[in-house]
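Subject: Handing over the structure

Hello,

Here is the structure I promised to pass on. Please open it first, then read my notes below.

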Amino acid sequence: MKMDLLIRTEAESDYAAVERLIREAFWNVYAPGCQEHYLAHILRGHPDFVPDLALAAELDGQVVGSIMYTKAALEDEAGERRTILTFGPIAVHPDYQRRGYSKLLIERSFEKARELGFDVVVIFGNPDNYVSSGFQSCKKYNICSGNGGFPAAMLAKELRPGVLDGRKWYYRESAAYQMDPEEAEAFDRQFEPKEKRWQPSQEMFYILSHAEIQ
């Protein structure tokens, strides 16, 4: 039950368990295999990583969910920059999905983010998964990608309503998310082998990640 779920700050002793559950949650979902567990591994050492917002969801002594944040930025047409947040990976172990744990992780992380003084979160994800947590299309906040477009998968949330004033903002992702695919593959070999295969969710991800709002 949700009342038994403990959401707490990730400890160093959680690192391996978190990476394993992320691997299980993302395996073959967006591509054959996955790299998100390697991303979690390298994020922790980056200056943009926000340790206070790395949360673990624990159930009966087992880590079943995780969310991680890094700093990002919005830049207006005059070059003014605003520090914001983005999260990812966010994961719940497949055995515990569809119980509302992801939403609880997001809501708790929003509370902590406000306490730390952050007021905007921009993410890339399936809107079906995030609109119930208050995310809206980036276009509604006039936030665009570096090329000036409005990706359908780019979503924004004001943690303090009204902080974005309608001017055009360009989203600047942290360099923390840049990965070497070969290093990711080498990292994955430390884990138990799993079959890489195609499944329909990968085509859905391709379509959504390349779609833009006009």
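Helices (H or I, at least four residues) and strands (E, at least two) are DSSP runs, numbered from the N terminus. The model is predicted: local features need pLDDT of at least 70, side-chain atom pairs count only at pLDDT 80 or more, and totals for chains, interfaces and linings use all residues. Residues are numbered from 1 along each chain as its sequence is written, and side-chain values use heavy atoms, with hydrogens and water left out.

**The whole chain**

The protein chain has six helices and nine strands. Its radius of gyration is 17 Å, close to the 17 Å that the globule rule gives for 214 residues, so the chain is as compact as a globular protein of that length. That radius is taken over C-alpha atoms, and the rule is 2.2 Å times the number of residues to the power 0.38. Along the principal axes, the C-alpha atoms fill a box of roughly 50 × 35 × 30 Å.

Of the 214 residues, 47% count as buried. Buried means under 20% relative accessible area, exposed over 50%, and partly exposed in between (1.4 Å probe, protein chains only). Contact means heavy atoms within 4.5 Å. Among contacts with a separation of 6 or more, 72% come from residues 24 or more positions apart.

**Helix H2 and its neighbours**

Start with H2, residues 36–43. Six of its eight residues are buried, so H2 is largely enclosed by the rest of the structure. The buried ones are Glu 36, His 37, Tyr 38, Leu 39, Ala 40 and Leu 43. Their cover includes H1, S3, S4 and H5.

Take H1 next. The axes of H1 (residues 15–26) and H2 come within 7 Å and cross at roughly 150°. That makes H1 roughly antiparallel to H2. Axes here are lines fitted to C-alpha atoms, for helices over the stretch in contact, and angles run from 0 to 180 degrees between N-to-C directions. Angles under 35 degrees count as roughly parallel, over 145 as roughly antiparallel, 65 to 115 as roughly perpendicular and the rest as oblique. The crossing of H1 and H2 is right-handed.

On the H1 side, the contact uses Glu 19, Ile 22, Arg 23 and Phe 26; on the H2 side, Glu 36, His 37, Ala 40 and His 41. By class, the residues of this contact are three nonpolar, two polar and three charged. Nonpolar covers Ala, Val, Leu, Ile, Met, Phe, Trp, Tyr, Cys and Pro; charged covers Asp, Glu, Lys and Arg; the others, Gly among them, are polar.

Glu 19 deserves a look. It sits in helix H1. Glu 19 is buried, with a relative accessible area of 7%. Leaving out residues up to four places away in sequence, Glu 19 touches His 37, His 41, Arg 44, Phe 187 and Phe 191.

Now H5, residues 181–188. The axes of H2 and H5 come within 9 Å and cross at roughly 100°. That makes H2 roughly perpendicular to H5. His 37, Tyr 38 and His 41 of H2 meet Glu 183, Ala 184, Phe 187 and Asp 188 of H5. The contact of H2 with H5 has three nonpolar, two polar and two charged residues.

**Backbone points**

Most residues other than glycine have a negative phi, and most peptide bonds are trans.

- Asp 60 has a positive phi of about 55° and is not a glycine. It lies in the loop between S2 (55–59) and S3 (62–76), and at 77% relative accessibility it counts as exposed.
- Arg 98 also has a positive phi, near 65°, in a residue other than glycine. Its place is the loop between S4 and H3, and Arg 98 is exposed at 82% relative accessibility.
- Gly 88 and Pro 89 are joined by a cis peptide bond, with omega about 0°. Pro 89 is in strand S4 (residues 81–92).

**Two exposed residues**

Gly 117 is in the loop between H3 (101–115) and S5 (120–124). It is exposed, with a relative accessible area of 51%. Gly 117 and Ile 106 are 11 residues apart in sequence and 16 Å apart in space, C-alpha to C-alpha.

Ile 207 is in helix H6 (residues 200–210). It is exposed too, with a relative accessible area of 51%. Ile 207 and Ala 153 lie 54 residues apart in sequence and 10.0 Å apart in space, C-alpha to C-alpha.

Best wishes

Key:
Left-handed = near helix turned anticlockwise from the far one by under 90°.
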